[in-house]
Amino acid sequence: MTEDDAVDDELLTIGSFAARARLSAKALRLYDRLGLLAPAHVDELSGYRYYRADQIERARLVALLRQLDMPLARVAEVVEAPDGAAAADRLAAYWADVEARVAGQRTLAEYLRGRLSGRSSEMNGKFVVETVDVPEQVLITETRHVLAGELPAWIGASLGRLEEAAKECGGIVAAPFVVYHAEVSMESDGPAESCVPVADEAAARAWVAKQNRARNTKVRVEAAHRLAYTRISKAQVAHPQILAAFEAVEGWIPEQGLWQAGPCREVYFADWDAAGAEDPVCDVAFPVK
């Protein structure tokens, strides 16, 4: 018997199954290796793979999902869903993620076109940059190496943990902020440091002493300093819109005869959840001298 013959009335050889599923035998072997579509039977002596006719629909579904550039783990979630409605929901969730990513890439492309066409000064001119003097502050902080895709979720979670901890440290005395000690992008992971100013240094040090070191929490006293900053809306906080704000402040600093005296930061002074897209929520800032 050849590999292209049917073994019995129910099983099809990989060649026959591939033809009916309109896929290649190579693709079927790949799906088997990845655990997405296992043969119904593998001959122990010859190693030939055999499939059932009722596996054709799953084979076609896997192929179509892969045409959406769906990662293998997400393909498995869809094809293993308990019913069609659940599978459709999982596909919808994946596609929402794709559309959000494409929207961000579209905005980044527009931003880059502006830079490449020499319109950076025009774009930067839309931001009002000012300075503010900040007194010495006692900070409880959490530091992490994090990529851009993970950053929003980590900022929200880490500031939430620190704000809760501030109750043991005399309370919050100024707006929380995030310091970028090195670039955070899709290739560079910082680190970033979430900071919450608190009232009681001794209580803060006692709190840190009780913490799990895995979160890299600490207390530090930040000396009084001056910040150059621009205020942005909730919509502008999203990457890459926020890049234009950082560049506007960076460009303004030397024009005023100042220089950068520390790493950049984002100061979150508003209730993020309650704010609308156009409401001011954040200051993009650099310490200056």
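Is Asp69 buried or exposed? Asp69 is exposed, with a relative accessible area of 65%. That residue gets its own view below, along with a few other spots in this predicted model.

**View 1. Two loop residues have a positive phi.** Most residues other than glycine have a negative phi. Look for Asp69 in the loop between helix H3 (56-67) and helix H4 (72-79). Arg22 isn't a glycine either, and its phi is positive too, at about 60°. This one sits in the loop between helix H1 (14-21) and H2. Arg22 counts as exposed because its relative accessibility is 63%, and exposed starts over 50%.

**View 2. Leucines make a nonpolar patch on the surface.** The patch is formed by Leu30, Leu34 and Leu72, which together have about 200 Å² of accessible area. Leu30 belongs to helix H2 (residues 25-33). With 33% relative accessibility, Leu30 counts as partly exposed.

**View 3. Helix H10 carries a run of buried residues.** H10 covers residues 241-255, 15 residues in total. From first C-alpha to last, H10 reaches 23 Å, close to the expected 21 Å. Its buried residues include Ile242, Glu247, Trp252 and Ile253. After the helix comes Gly257, with a positive phi near 75°.

**View 4. Tyr94 and Trp95 form a tilted aromatic pair.** The structure holds 4 aromatic pairs. In the one shown here, Tyr94 and Trp95 are 6.4 Å apart centre to centre, with 55° between the planes. Tyr94 counts as buried, at 6% relative accessibility, while Trp95 is partly exposed, at 36%.

View 5. Phe246 is buried, with a relative accessible area of 12%, and Phe286 counts as buried at 4%.

**View 6. Arg231 lies over the face of Phe269.** The distance to the ring centre is 4.1 Å.

**View 7. A cis peptide bond joins Gly190 to Pro191.** Most peptide bonds are trans. Here, though, the bond is cis, with omega near 25°. Pro191 is found in the loop between strand E6 (177-180) and strand E7 (192-198).

How values were computed. Residues numbered from 1 in each chain as written. Predicted model: local features only at pLDDT ≥ 70, side-chain atom pairs only at ≥ 80, totals over all residues. Heavy atoms only, no water. Helix = DSSP H or I, 4+ residues; strand = E, 2+ residues; numbered from the N terminus. Expected span 1.5 Å × (residues − 1). Buried < 20%, exposed > 50% of the residue type's maximum accessible area, 1.4 Å probe, protein only. Patch = residues over 30% accessible without salt bridge, like charges linked within 9 Å, V, L, I, M, F, W, Y side chains within 5 Å. Areas by Shrake-Rupley, 256 points an atom, 1.4 Å probe, with all protein chains shown as cover. Salt bridge = Lys/Arg side-chain N within 4 Å of Asp/Glu carboxyl O. Phe/Tyr/Trp six-rings, centres within 6.5 Å; stacked < 30°, edge-to-face > 60°. Lys NZ or Arg CZ within 6 Å of the ring centre and 35° of its normal.
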